[in-house]
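These are my notebook entries on a single structure.

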Amino acid sequence: MEQRLVSSWSNVHSSVPPSFVQPLECRPGKVTNPSSKTIPLIDLGGHDHAHTILQILKASEEYGFFQVINHGVSKDLMDEAFNIFQEFHAMPPKEKISECSRDPNGINCKIYASSENYKIDAVQYWKDTLTHPCPPSGEFMEFWPQKPPKYREVVGKYTQELNKLGHEILEMLCEGLGLKLEYFIGELSENPVILGHHFPPCPEPSLTLGLAKHRDPTIITILLQDQEVHGLQILKDDEWIPVEPIPNALVVNIGLILQIITNGRLVGAEHRVVTNSKSVRTSVAYFIYPSFSRMIEPAKELVDGNNPPIYKSMSFGEFRKKFYDKGPKIEQVLQS
Ligand code: OGA
Ligand code: NI
């Protein structure tokens with residue numbers, strides 16, 4: 001298992017092993033992206049609440065992605081959370097694996113290389129990921145790493161704050177969409193998960209990806225990205241747009257489940273991560289998930305005779321299984 005982590009061998013290779021070489025059509029090509037386009041930046045601290053809602057709604061319809069500033073999560077806490085994931089991934093492989101081995105069932109805290117998303121993937125991705133559930137109740141915390149020593153304290157505090165922010169953003173989306181403000185409270189958002197990604201430097205970035213082109217299987221995702229190292233790109237109108245690191249900003253994206261709930265009005269935009277040859281990149285993704293038994297379907301309030309449901313209804317458990325089994329073919333399975 002230790003040898004499987006990309007970080008445990010990537011620094012001794014001067015070329016990319018064949019299993020990591022992407023097929024031609026998936027390769028990032030030249031990584032320096034000349035595009036001057038960028039995703040919307042929204043100030044959540046503004047005084048014109050109605051205007052902020054319109055901005056969020058528009059960004060979610062057009063891009064499925066935006067960055068937020070003045071979001072209420074302190075810079076210190078963001079730095080602490082970022083650093084703790086960086087420190088975690090800098091530990092020896094043996095230690096990382098043992099820190100993720102407290103759950104006898106092996107599901108409530110994991111470290112894995114590449115991607116666990118697509119069992120059908122023929123090619124590997126240039127990253128390692130630490131992941132575990134992080135509900136505000138504190139359930140599952142006994143399975144979280146205890147090293148670095150402040151891991152549970154820092155990640156506990158950070159995920160409490162993100163739970164709050166996530167609900168504020170969802171409430172504003174409800175206001176914009178005309179759903180009742182509590183629509184996402186409870187079952188639809190009670191199962192958040194955190195993912196600490198680590199993308200080691202890669203000797204041949206033009207041949208590899210850190211993360212495949214994908215939509216997130218979430219309601220929304222809130223991402224804390226590296227301030228120094230680029231990597232995240234979103235696909236808009238057939239063009240890859242980089243998500244520029246902005247000081248103190250968090251990146252928000254609409255997930256596929258919210259696309260389903262809004263019957264396609266909000267887009268779960270496709271995105272990917274490219275690698276680079278110089279620097280490690282770290283990112284921390286907060287996934288808002290429903291409970292496994294919750295039915296996922298277009299909201300009754302958002303469909304009618306003129307706008308019939310375009311997605312089938314299924315439980316989140318079923319959705320997630322299909323998402324992992326089908327990979328990029330998931331869209332066809334969802335349509336009604
Ligand atoms: C993800 C994701 C982007 C990044 O975790 O789904 O898209 O920059 N992460 O790590
Ligand atoms: Ni993603």
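For the class counts below, I took Ala, Val, Leu, Ile, Met, Phe, Trp, Tyr, Cys and Pro as nonpolar, Asp, Glu, Lys and Arg as charged, and the others, Gly among them, as polar. I note at the outset that the model is predicted.

Entry 1: the largest pocket.
I then listed the lining, which comprises 37 residues; Thr131, Val193, Tyr289, Arg320 and Tyr324 are the closest to the pocket centre. I traced the lining to its elements and found that β3 (110-113), β4 (128-133), β5, β6, β7 (220-225), β11, β12 and α6 (316-326) each give two or more residues. Sorted by class, the lining has 17 nonpolar, 13 polar and 7 charged residues.

Entry 2: the place of ligand 1.
I asked where ligand 1 sits. I located ligand 1 in the largest pocket. I counted 13 residues around ligand 1, of which His197, Asp216, His271, Arg281 and Ser283 come nearest. By class, I recorded 7 nonpolar, 4 polar and 2 charged residues in this shell.

Entry 3: elements of the shell.
I checked which elements supply at least two residues of the shell around ligand 1, and these are β5 (193-199), β6 (211-214), β11 (271-273) and β12 (281-287). The most comes from β12, which gives 4 residues to the shell.

Entry 4: polar contacts of ligand 1.
A polar side-chain atom of His197 lies 2.7 Å from an oxygen atom of ligand 1. For His271, I noted a distance of 2.9 Å from a polar side-chain atom to an oxygen atom of the ligand. For His214, the corresponding distance to a ligand oxygen atom is 3.0 Å. I then looked up the cover of the ligand: the protein covers 96% of the 290 Å² of accessible area that ligand 1 has on its own.

Entry 5: backbone geometry.
I kept in mind that most residues other than glycine have a negative phi, and that most peptide bonds are trans. I found a cis peptide bond from Lys147 to Pro148, with omega near -10°. I placed Pro148 in the loop between β4 and α4 (151-177). I next noted Asn70, whose phi is positive, near 50°; Asn70 is in the loop between β2 (65-69) and α2 (75-90). I also noted Asn248, which has a positive phi of about 65° although it is not a glycine. I found Asn248 in the loop between β9 (239-242) and β10 (250-254).

Key. Residues numbered from 1 in each chain as written. Chains lettered and ligands numbered in written order. Predicted model: local features only at pLDDT ≥ 70, side-chain atom pairs only at ≥ 80, totals over all residues. Heavy atoms only, no water. Near = heavy atom within 4 Å. Polar contact = N/O pair within 3.5 Å; in protein donor to acceptor, adjacent residues only side chain to side chain. Areas by Shrake-Rupley, 256 points an atom, 1.4 Å probe, with all protein chains shown as cover. 1 Å grid on protein atoms, 1.4 Å probe; cavity = no way out; pocket = protein on both sides within 12 Å on 5 of 7 lines; lining within 4 Å. Sits in = over half its atoms within 2 Å of the grid points.
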